[in-house]
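Hi,

Here is the structure I promised to pass on to you.

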Amino acid sequence: MSVEQIYVRCTIGLNSFVIGGVYIPPNSFSNIYHIHSQTIESLVQNYPFYKFIICGDYNSPEILWDNDDCGLNFSFTSCTRAACIPGTFASNGFFQNNKNLNSHGSILDLIFCNIPFLVDKSLEPVVPIDPYHPPLNLTLPFSDHTNSLDSRHSFYNFRKTNYSNVTSFIGSYDWNTTLSTLDLETAFITLFDALHLSILKFVPKSNFWSTTYPPWFNSELKHINIQKKKAHIEYKTNPNDQNYTNFSLLRARFKYMSKKCFNEYTKHVESSLTNNPSDFWKYVKKNRASNGMPMEISHNGYVSSNKNEISDMFADMFSSVYTTNNINTTNNLPNISKFDLPNNVYFSLDDVFNGLSALKVAWTENNQQLTPGHDDGRHWYQRTTTNGTGAPVDAPATM
């Protein structure tokens with residue numbers, strides 16, 4: 001006898017999921033549950049950035065489930081062979097979201113996830129209803145808009161570049177001899193090949209990834225939070241005075257440090273408002289409430305989670321303040337006369353240098369310095385043209 005389980009990886013909009021289906025027969029031996037626990041541990045380790053939804057018939061009605069701000073809570077009404085299941089999911093940050101009892105007053109079907117979503121009884125089952133397994137409906141609050149940029153990536157960190165090595169490397173070329181026999185296009189290619197090689201050799205790479213922690217969480221506070229969760233799991237597994245004392249002390253320490261870090265962070269943001277306003281707007285953006293559609297709406301004593309009904313309820317709510325009359329959007333366009341653009345443009349090395357120097361330097365969220373359109377082109381140009389490397393661009397260009 002073995003556990004029946006199947007897992008699928010998929011991407012929906014901005015979200016990557018691991019969705020699993022599990023069946024563990026009644027009265028299974030404890031090693032069957034251990035096999036399943038080991039599979040969950042392996043999946044979480046291999047796909048740390050994925051959202052998990054594990055649905056299955058665990059046949060363990062003796063386990064009572066609940067969730068709170070600290071994570072997954074559980075207790076046992078009798079001896080169980082599935083004691084490893086609650087600990088595995090709790091230690092990996094999962095919740096058990098199914099609270100719907102079957103016709104015998106117990107829960108056999110469990111739905112574990114590491115994201116919040118609504119689970120309720122389905123009103124339109126696709127198969128005949130089993131009294132032990134009521135049909136369930138899962139509502140996931142994710143965005144279906146795709147994003148062209150992945151928040152997890154590697155980038156060249158120009159802030160940590162050893163520009164002395166870059167200058168020496170570029171200056172090691174005999175540019176007068178190298179470029180004297182080349183036409184303009186080939187000279188440009190030769191120069192930028194050298195610049196590209198210097199980037200590969202001397203600019204270190206850094207990794208960037210988004211975090212689920214608030215911006216004021218430092219490494220110490222994160223460590224305390226992890227220790228608090230472990231102590232909570234230990235107390236729920238073995239409820240005694242010592243375990244409760246350990247959890248209580250860590251919880252009090254976490255609350256104190258969290259308040260302290262938050263106050264320090266807000267003071268830093270306020271003090272840097274005049275010098276670096278981008279930090280302030282990052283703080284506002286991170287603390288802005290979600291504008292997603294609520295999962296359930298109540299209006300005039302009627303409650304609904306259906307999207308179409310919610311739209312109708314909003315329309316009825318604001319029917320007295322909006323109009324359906326057509327609005328005249330005719331615009332009188334200004335009469336702009338036509339003119340010819342020049343077909344010849346000449347620029348010198350000084351023109352290029354002055355233009356790049358006038359660019360405003362910007363910073364990305366991953367602390368990479370950029371100018372509009374290109375990676376810190378002005379500073380890179382200044383550092384790499386001090387040893388006579390301006391020859392390839394010291395020529396007029398015709399457009």
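This is a predicted model: local features need pLDDT of at least 70, side-chain atom pairs count only at pLDDT 80 or more; totals for chains, interfaces and linings use all residues.

Residues are numbered from 1 along each chain as its sequence is written, and side-chain values use heavy atoms, with hydrogens and water left out.

The protein has eleven helices and 15 strands (DSSP runs numbered from the N terminus, helices being H or I with at least four residues and strands E with at least two). Of its 399 residues, 29% are buried (under 20% relative accessible area, with a 1.4 Å probe and protein chains only). Taking contacts (heavy atoms within 4.5 Å) between residues at least 6 apart in sequence, 60% join residues at least 24 apart.

Now the sheet. Five strands form an open sheet with mixed pairing, in the order E1-E2-E3-E7-E6; two strands pair if DSSP finds at least two bridges between them. Strands E1 (4-12) and E6 (95-96) are at the edges with a single partner strand each, so one side of each has no neighbour in the sheet. E1 pairs with E2 (residues 15-23) in the antiparallel sense over nine bridges, and Thr11 stands opposite Ser16 in E2. Across E1, E2 and E3 (51-57) lies helix H1 (residues 30-46), at about 20° to E1 (axes are lines fitted to C-alpha atoms, for helices over the stretch in contact, with angles from 0 to 180 degrees between N-to-C directions).

On to the helix pairs. The axes of H6 (residues 219-237) and H7 (residues 241-271) come within 9 Å and cross at roughly 155°, and the two are therefore roughly antiparallel (an angle over 145 degrees). Their crossing is left-handed (the near helix is turned anticlockwise from the far one by less than a right angle, clockwise being right-handed). By class, this contact has ten nonpolar, six polar and five charged residues (Ala, Val, Leu, Ile, Met, Phe, Trp, Tyr, Cys and Pro are nonpolar, Asp, Glu, Lys and Arg charged, and the others, Gly among them, polar).

H3 (residues 163-171) and H5 (residues 184-202) have axes that come within 10 Å and cross at roughly 145°, in a right-handed crossing. Here Asn165, Val166, Phe169 and Ile170 in H3 meet residues of H5 including Ala194, Leu195 and Phe202.

Best wishes

Methods: Angles under 35 degrees count as roughly parallel, over 145 as roughly antiparallel, 65 to 115 as roughly perpendicular and the rest as oblique. Buried means under 20% relative accessible area, exposed over 50%, partly exposed in between (1.4 Å probe, protein chains only).
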